[in-house]
Amino acid sequence: MSKSPNIESDSETKRFEVSLQTRNFEIELFWKRSLFFWGFIASAFIGFANLFDKNFYLSIIIANFGFICSLCWTLVNRGSKFWQENWESKVADKELSKYSKLFTEIEPVQNKFPLLQARKYSVSKLAIGLSDYVVILWAGIIIFSVCFSKEFIYLHKELIVMFFSIFTLVYAAYMIIFGRTSKD
């Protein structure tokens, strides 16, 4: 028994609406997640700066924490972008048959003074780029602080800092390898 055209149309409309709502929800979550990570990252920057002259070893541990938070942030950004694009594809597929390119067709940029004119930048790609930069910044802070500090000359505490820094790098590799979404 075949479905009537009206039931198929209602089903397609519902799938389109759910896809569009889920896409919008993914975009909202993208920014909420970024704000969540920025709280930890900003706290780590403040803690590192305040402790560097007072307790070098604790400041390095905090820098490692900032590095891991930043790495998780950049990976979460990529995961969010994946799901956003997944739902955008579903919206585009349903839209072609139903709404005649309402969401997928891009209108021309309004003619304004060149410095004030809109540009076709991906806001999420820029956020991913920023999160990558913060990861690199933390890695540089850790390497520079450990390798060029007067405190590093003293023998017995530096091994702990070096071990923790190596652990951070191994953990970062672990997150990169196993932090991906599974096919299931």
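Is E88 buried, exposed or partly exposed? E88 comes out as partly exposed, because its relative accessibility is 27%; buried here means under 20% relative accessible area, exposed means over 50%, and partly exposed is what lies in between, with a 1.4 Å probe and protein chains only. The model behind these values is a predicted one, in which local features need pLDDT of at least 70, side-chain atom pairs count only at pLDDT 80 or more, and totals for chains, interfaces and linings use all residues. Residues are numbered from 1 along each chain as its sequence is written, and side-chain values use heavy atoms, with hydrogens and water left out.

E88 has a charged partner. The salt bridge joins E88 to R23, with 3.4 Å between the closest N and O atoms; the term stands for a side-chain nitrogen of Lys or Arg within 4 Å of a carboxyl oxygen of Asp or Glu. This pair ties together distant parts of the chain, 65 residues apart, with R23 in helix α1 (residues 5–51) and E88 in helix α2. Helices are DSSP runs (H or I, at least four residues), numbered from the N terminus. R23 counts as partly exposed because its relative accessibility is 22%.

In total, the structure holds five salt bridges. Another of them pairs R78 with D132, whose closest N and O atoms are 2.7 Å apart. Here too distant parts of the chain are linked: R78 belongs to helix α2 and D132 to helix α3 (residues 123–148), 54 residues apart. R78 has a relative accessibility of 37% and so counts as partly exposed, and D132, at 24%, is also classed as partly exposed. A further salt bridge brings the side chains of K81 and E85 together at 3.6 Å, N to O. K81 and E85 are both in helix α2, four residues apart, or about one turn of the helix. What about the accessibility of K81: buried or exposed? K81 is buried, because its relative accessible area is 12%, whereas E85 is partly exposed at 38% relative accessibility.

Helix α2 (residues 56–98) also carries N77. With a relative accessibility of 1%, N77 counts as buried. Which side chain does the side chain of N77 meet in a polar contact? The partner is the side chain of S131, at 3.3 Å. A polar contact is a pair of N or O atoms within 3.5 Å; within protein, one must be able to donate a hydrogen and the other to accept it, and residues adjacent in sequence count only if both atoms are side-chain atoms. Leaving aside residues up to four places away in sequence, N77 touches F30, S34, A127, I128 and S131, where touching is contact between heavy atoms within 4.5 Å.

Next comes the nonpolar interior. In soluble globular proteins, nonpolar side chains tend to be buried together. The largest nonpolar core in this model has 24 residues, and I41, F48, I60, F67 and W138 are those with the most contacts inside it. Such a core is a set of buried Ala, Val, Leu, Ile, Met, Phe, Trp, Tyr and Cys residues joined through side-chain atoms within 4.5 Å. Helices α1, α2, α3 and α4 (155–178) each supply at least two residues of this core, and the largest share, eleven residues, comes from α2. F48 touches S59, I60, I62, A63, W138, I141 and S145, again not counting residues up to four places away in sequence.

Rings of Phe, Tyr and Trp (its six-membered ring) pair if their centres lie within 6.5 Å; planes under 30 degrees apart count as stacked, over 60 as edge-to-face and the rest as tilted. The count comes to twelve aromatic pairs by this rule. One of them is F30 with W31, an edge-to-face pair with 4.9 Å centre to centre and 80 degrees between the planes. F30 is buried, as its relative accessible area is 2%, while W31 is partly exposed at 40% relative accessibility. F36 and F37 also form an edge-to-face pair, because their ring centres are 5.3 Å apart and their planes meet at 80 degrees. F37 is buried, with a relative accessible area of 11%. Ring pairs also join F45, F48, F52, F56, Y57 and W138 into a cluster.
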